[in-house]
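Subject: Handover of a structure

Dear colleague,

Please find the structure below. My notes on what was found in it follow.

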Amino acid sequence: MHELSRDPQSTLAEVIRLLWERGEAVALTGAGISAESGIPTFRDKGGLWDTYDPTVYASIEVYRRDPTLYWTIRGDFIRHYDQYQPNPGHLALADLESLGVLRRVITQNIDGLHTKAGSPDVIELHGSIREIFCLSCGRQYQAPHVPPGLPPRCESCNGVLKPNTVLFGESLPVDALRQAQEEASTRAMMLVIGTSVNVYPAAALPEIARRHGAVIVEVNPERAFPLVDFWLPGQAGTVLPRLAEGVRKLAARGN
Ligand code: APR
């Protein structure tokens, strides 16, 4: 494993060079990349799980008994879905994809901001809050258009509505997980961005990438994943545009 250089500038330059030369990276993102879009993270100080116990507010077992709790913490987010916008971090990843050096974005986030930023074909490991469906008749709804009420009820059958997000105790979408594991086990580089690498099976992806020799780059104000080759300390909205700018300059020079 590379000696983690202390100087962020030289680390940045080295990561830019590697991105350009290896030219096939995959990104794994977490709540940290959306923090600068005004969406709270989970485990930071002041994060969602600081206030709400996820085993109560975000577990499928509780949801089936009492969906009010989940809608209490996510109802506003769903009803204001269109107001949340991608930040320079999301946009920089879409740029790196257009530059051809980032091949796929895998996200744990349910906010749809990578898609809004223009990333094609995002792997949404934990689903999306964009789609909501009736647990009884299956009728589909699209955020922000859900009926009023806490919890909102289906307009066709009065059934309980549930966003298409993975709650604790639910399995991840099989195809999304398979694609993510495929990307992690084949790409030459993985950018691990804004995640505490805490929740499996998503948290296994950087390890899968490392095992087959990928270069692991962490973008996070704190060190979250111990086995990184490069750590770019800082906010995603600051660091990722610098990465994209550096690659763009190399692409313009063609070297
Ligand atoms: N830029 C980059 N990283 C940031 C920023 C930022 N502006 N702000 C915070 N971070 C980092 C934090 O240092 C932390 O390491 O983002 C990480 C957020 O970690 P978590 O809150 O644990 O979020 P995440 O890793 O995405 O959680 C994984 O847990 O509860 C489940 O389903 C939920 O998808 C979520 C999963």
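I begin with S136, which is placed in the loop between β4 and β5 (140-142); helices (H or I, at least four residues) and strands (E, at least two) are DSSP runs, numbered from the N terminus. This is a predicted model, in which local features need pLDDT of at least 70 and side-chain atom pairs count only at pLDDT 80 or more, while totals for chains, interfaces and linings use all residues. Residues are numbered from 1 along each chain as its sequence is written, and side-chain values use heavy atoms, with hydrogens and water left out.

S136 counts as exposed, at 57% relative accessibility. The term exposed stands for over 50% relative accessible area, buried for under 20%, and partly exposed for values in between (1.4 Å probe, protein chains only). Not counting residues up to four places away in sequence, S136 touches C157, G159 and V160, where contact means heavy atoms within 4.5 Å. S136 and C154 are 18 residues apart in sequence, and their C-alpha atoms are 8.6 Å apart in space.

Beyond its neighbours within four places in sequence, K162 is in contact with residues including I60, Y63, E131 and F133.

Helix α6 (residues 68-79) has buried residues, among them Y70, W71, I73 and F77. The buried residues of α6 pack against α3 (48-51), α4 (54-57), α5 (60-65), β4 (127-134) and β6 (161-165).

Finally, the domains. The assignment gives domain 1 (1-39 + 86-126 + 172-255) and domain 2 (41-83 + 129-165); such bounds come from an automatic or database domain assignment. The contact between them takes 13 residues from domain 1 and 12 residues from domain 2. The C-alpha centres of the two domains lie 28 Å apart. Across their interface the rule finds 1 salt bridge, a term for a side-chain nitrogen of Lys or Arg within 4 Å of a carboxyl oxygen of Asp or Glu.

Yours sincerely
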